[in-house]
Amino acid sequence: MHFTAKYYPVLINPKLNCIWINIPKNASSFMQKLLQDNGWREPDQSVVKKLITSDIRKFAILRNPVKRWVSGFAECFMEQPGIIDLLDSEDFLKTVALNPVFDAHTELQSVFCPNVTNLEYIILHSYASAQEFFNNINQWMINEGYETDVGRWSEPVNPSSNDPVKHSINIKLKEILRANSDFLNSIEQFYSSDLGLINEAKRI
């Protein structure tokens, strides 16, 4: 089962020659603020389909699918009572491994860019720290002719730690993935198409 969004949020630049496609859990809030601060706007939904299939340049942020899944799972289940204890159940993990998609945050990244032409992927977690990625995106914006002060942010908030339950789930899942190779292999296999995208993606 897949939870495919009917509408893919996009922003278009002031010159109308570049489009950002939002993939949830891939620095979405950060990118939206950065771009909107530089004049990018959301086009009317009635023209989005035509825009994403046009020859206009487009880009989207990719993230390591296992790391993204951990973050997405934590966000999806952070209000579920007893989820930490449930993660100790081997039967529960086997059920999750059969289909780890629960919402848009755990959906395959490729699903958010169907039939998109002239698309460039940029990797989120190819750096030692989130700050390095933010600095590189900042430099990319400058190279593209935009103004931004994001490079002066010293400590961006890590969303995985902004809720104690979400943070606990995040840590627990990472421990499970390190200790349970079968479970890790199942998650990697499910998201193998996303791993393929990363191998072809641009590293800024």
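These notebook entries cover the aromatic pairs, the sheet and the nonpolar core of a predicted model.

**Conventions.** I worked on a predicted model, where local features need pLDDT of at least 70, side-chain atom pairs count only at pLDDT 80 or more, and totals for chains, interfaces and linings use all residues. I numbered residues from 1 along each chain as its sequence is written, and side-chain values use heavy atoms, with hydrogens and water left out.

**Entry 1, aromatic pairs.** I paired rings of Phe, Tyr and Trp (its six-membered ring) with centres within 6.5 Å; planes under 30 degrees apart are stacked, over 60 edge-to-face, the rest tilted. The count came to nine aromatic pairs. One of them is Trp69 with Phe73, tilted, at 5.3 Å centre to centre and 50 degrees between the planes. Both residues sit in helix H3 (residues 65-77), four residues apart, so about one helical turn separates them. I took helices (H or I, at least four residues) and strands (E, at least two) as DSSP runs numbered from the N terminus.

I next looked up Trp69 with Phe183, which is edge-to-face at 5.9 Å centre to centre and 65 degrees between the planes. Trp69 lies in H3 and Phe183 in helix H8 (residues 181-190), so this pair ties together parts 114 residues apart in sequence. Ring pairs link Trp69, Phe73, Phe77, Phe102 and Phe183 into a cluster.

I used under 20% relative accessible area for buried, over 50% for exposed and partly exposed in between (1.4 Å probe, protein chains only). Trp69 is buried at 1%, and Phe183 is buried at 4%.

I defined a core as buried Ala, Val, Leu, Ile, Met, Phe, Trp, Tyr and Cys residues joined through side-chain atoms within 4.5 Å. The largest one has 22 residues, and Trp69, Phe73, Leu87, Ile169 and Phe183 have the most contacts inside it. H3, helix H5 (90-98), helix H7 (164-179) and H8 each supply at least two residues. H3 gives the most, with six residues.

I also listed contacts (heavy atoms within 4.5 Å) for Leu87. Apart from neighbours within four places in sequence, Leu87 touches Phe73, Phe92, Leu93, Ile169, Lys172, Leu173 and Ile176.

I counted two strands as paired where DSSP finds at least two bridges between them. Four strands make an open sheet of mixed pairing, in the order E1-E2-E3-E4. Strands E1 (10-12) and E4 (119-123) are at the edges with a single partner strand each, so one side of each has no neighbour in the sheet. Strand E3 (residues 57-62) runs parallel to E4, joined by five bridges. Ile61 stands opposite Ile122 in E4.
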